[in-house]
Amino acid sequence: MDLFLHYLSLPYLLSGIGFTMAVTALGLGGGLLVGLVLASMQLSKVGPLAVFARGYTVIFRGTPLILQLVFAYDALPHIGLKLSAIGAAGLALSLNEGPFIAEILRAGVLGVERGQLLAGQALGMTPAVMMRRVIAPQAIRTIVPALGNESVSALKNSSLASVIAVDELTLRSTQLASSTFDFFSIFFASGLMYLLLTGAIALIQLIAEAALDLDRPAGERFAHLLPWRRAKQGEDELAAPARAEGAEGAEGVQAQTQAAQGAMVAHATAKTGTSAAAEADPLASRAPLRLVGTPRPDRAKRYAELAQRPAAVRVTGLHKRYGKQTVLDRFDMTVQTGEVIALLGPSGSGKSTLLRCINHLEQWDAGQIHVGGRRLGYREDGRPMSQRDLANERASVGVGMVFQQFNLFSHLSARENIAGPLRWVHGVNAIEADRRAFELLERVGLAHRADALPRHLSGGQQQRVAIARALAPNPRVLLLDEPTSALDPELVGEVLEVIQRLAVEDGLTMIISTHQLRFADQVADRVVFMSGGNVVEEGPAHELLTHPQHPLTTRFLNVMGADHRLEAAP
Amino acid sequence: MHTGVIDHRNGRRLAGRFPLALRWRELIACVVCLLAVLASGRAMAAGTTTPAECKALQAKYPQLKGKTLTNAINPHTPGYEALDPNDPSKYIGFDIDLGEAIGDCLGFKMAYKPVTFAALLTTLQSGQADIVISDIYATEERAKAADFITYSKVFDGVLVAKGNPKKITGINTSMCGTTAAENTGYVEVPLINALAPACKSGGKSEATVQLYDNNANCIQAILAGRADTYINDVNTVDQAVKAYPDKLEKATAVTLPYSVGIGVPKDKPEFRAAVMAALLAIQKSGMQNEMLKKWSLPAENIEAPKLIVSN
């Protein structure tokens, strides 16, 4: 025991720790660099780069570190690259750690939901912004445990550097054991030193995980561990609808006091008022088709008026194939400014593809799309666009998109989901972006949930945030791709109501693909019935829905209508 | 080392906390020292006085003067090269003294690079070391990798467990069926393997060799009962017996047809000549005999330098 303590405090061994840490740090730092390069090569769509990265991985992951160390130390000098022992060890460990770290990084990146990437694209994020704001923050959270693991492994691997004369802990221990014959006390002492080092890494990992845990607000990082705090959090979620009522009531009163100040604010009051009513009445939200208001009055008059307006979206001869299957077959459609179009049609009729083309999330094979008079897909000099150009095009043309699966950025609060893209894509300053986010959350009745993470919101609430996010940059056109299809029936109503208000109060141009016939009837000016990538029938919403001309339309409406009768009966 | 900081009002708590805090402080200090250590090179061994001819040699080989050369060693052989147990920042032993004396004579300083035995010549070949003085036997095989200047005869000892339970009497058929621990690259390995035909013709199984990468591991193999014998330089064996007198003994000593040599790169004949000349001067002045005495090595070990090179 005395000997053990003697060696534990022996400066000669303790200073070996410095070398161990230096080699580990070099190996991890270099490995991170190599890993970043390898991961980007593999994730890039450039074939040869991916093949090279794969080949590198096969070689350096498939050969023993000890051979790589000896190679870096003894073979490289023969080609004129004479590294110091520490340098050679750092190099070999970096090259060896690289592929492992690359796989960790790649898993982290691929682990980010595809839908969020689509949403980021739709919001006009360039690949760089997307990486920095959407992918990296989420990937980092998921890779921390694996990186902790890899760091411990690198630390232990550093002991192999003893074979190339790096004066680290293991080499010092073995030499000391040879000269003193105190084999066991020395190795117990150095073993304990390694244990302290790996323990420190584990601690750093825990701290990093805690610091990155989104479910813990910075101030309550440790408080959340207390049982009563946790219970309260649970209640919060259960009580959300009830609290919503109260909160919105208060906001309503506050808004009323401001009502005199402007019509805009008066609007908001009305909206929060109705949404509070809807949320307070459980029956209202359970019945998806029970919407506020009646179908638009004076349809004929409005229809005629819309026809006079300029076209917001013009699709001509759009052709799109996936492999051999034609999805859009010389499709034509014009949407007037302020018009609301309901796209109906069976699954696979091309509705979603059409919407994705209008936002240029898909490339098409032939035809043209104009939004607000601007032709999509070509730079001013006529050359095809890069990913970055496309992103900028989306941001400047002004097409908002709402997805079936909401696709909120799961690491950001409701407010940040809205304010973030405004700052990153449109360069709005933080205060203004925050103000806008809050205003929009108020409009969709979720001001009280501004700081909630998407996973703490119901599907309906998430979709309302997603709508607010799409509205934030004041889009010219809003595309909604089956916005209620992923929702539980009782949550459909709140979302449809928000959409309806946008149509009625804002006069927003919208193209909505939906299966909700009564909603289409109430909200849409025009229904476009699609099948097989073509327009089968189109016309004023009420007329088409009540008196379809085409047999396909009739059959579709019968089937859907039957479903809805079943669904509407509680 | 921590007793001075115990607070008497609250001794236990502090006693529990301060050692760790101190250790970390030491650790941080060590990390800070790291760069200095990196910059200043490795441990230096103690110097010796210089023979008279050295002045002329320094004039003849001025290119070595003031240099620091790197000596690759396998510092697991107490008596020849090992850490100083009293000051582990230094290497000590007969080879270390000899190398320092050659350095003093030619006017260069010696830095040390500890590597495994099998890596000694590789390290020299790759240029990561300039010279190898590490109790390495100058065989024809090894002369393909480096030129050797011999300085000592080889006497091996046969280390066995106390009482020599397997009755091993040398590198002969008494080893059939036993297990020998050896270091990778040691000359004893082929000698033991060469016993196989003799064992077979005697109807016995051949000797097994376990390969380790340093002395301590070979000795531990016998202590742990994994191996029956470890045959190596007699002085090394004596040191092991001295360390574990109750558990180990030297069965016998054998003479091997080799000499111990200083390894130098094959492409530096001038350096080889300088080292040879310095070694001659050291032997002539009686310094080598003093070193043998200092490290309790038999005086008959000494051997007039000769070159072993292969073409």
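This is a predicted model: local features need pLDDT of at least 70, side-chain atom pairs count only at pLDDT 80 or more; totals for chains, interfaces and linings use all residues.
Let me start with a helix pair in chain A, where Gly459(A), Gly460(A), Gln463(A), Arg464(A) and Ile467(A) of α19(A) meet Leu491(A), Glu494(A), Val495(A) and Val498(A) of α20(A); two residues are taken to be in contact if their C-beta atoms, placed from the backbone, lie within 7 Å. By class, this contact of α19(A) with α20(A) holds four nonpolar, three polar and two charged residues, where Ala, Val, Leu, Ile, Met, Phe, Trp, Tyr, Cys and Pro count as nonpolar, Asp, Glu, Lys and Arg as charged, and the others, Gly among them, as polar.

Residues are numbered from 1 along each chain as its sequence is written, and chains are lettered from A and ligands numbered from 1 in the order in which they are written.

Helix α19 (residues 459-471) of chain A packs against helix α20 (residues 489-506) of chain A at an angle of about 15°, their axes being 8 Å apart; the axes are lines fitted to C-alpha atoms, for helices over the stretch in contact, and angles run from 0 to 180 degrees between N-to-C directions. α19(A) is therefore roughly parallel to α20(A), a term for angles under 35 degrees, just as those over 145 count as roughly antiparallel. The crossing of α19(A) and α20(A) is right-handed, that is, the near helix is turned clockwise from the far one by less than a right angle. Helices (H or I, at least four residues) and strands (E, at least two) are DSSP runs, numbered from the N terminus.

How are α8 and α9 of chain A arranged? Helix α8 (residues 169-180) and helix α9 (residues 183-212) of chain A pack at an angle of about 170°, with axes 9 Å apart, which makes α8(A) roughly antiparallel to α9(A). Their crossing is right-handed. Among the residues that meet are Leu169(A), Ser173(A) and Leu176(A) in α8(A), with Phe183(A), Phe187(A) and Tyr194(A) in α9(A), and the whole contact divides into eight nonpolar, three polar and no charged residues.

Turning to the sheet, chain A has an open sheet of six strands in the order β6-β7-β8-β3-β9-β10, with mixed pairing, two strands being paired if DSSP finds at least two bridges between them. At the edges stand β6 (399-402) and β10 (534-540) of chain A, each with a single partner strand, so one side of each is left without a neighbour in the sheet. Neighbouring strands are turned by 15° against each other on average, direction ignored. Within the sheet, strand β3 (residues 340-344) and strand β8 (residues 509-513) of chain A run parallel and are joined by four bridges, and Ile341(A) stands opposite Ile511(A) in β8(A).

Next comes the interface, where 33 residues of chain B are in contact with 29 residues of chain A. On the side of chain B that touches chain A, α1(B) gives the most, with eight residues, and by class that side has 19 nonpolar, eleven polar and three charged residues.

Finally, chain B is divided into domain 1 (54-153 + 258-308) and domain 2 (155-256), with bounds from an automatic or database domain assignment. Their centres, taken over C-alpha atoms, are separated by 27 Å, and 14 residues of domain 1 of chain B are in contact with 15 residues of domain 2 of chain B.

Technical notes:
Angles under 35 degrees count as roughly parallel, over 145 as roughly antiparallel, 65 to 115 as roughly perpendicular and the rest as oblique.
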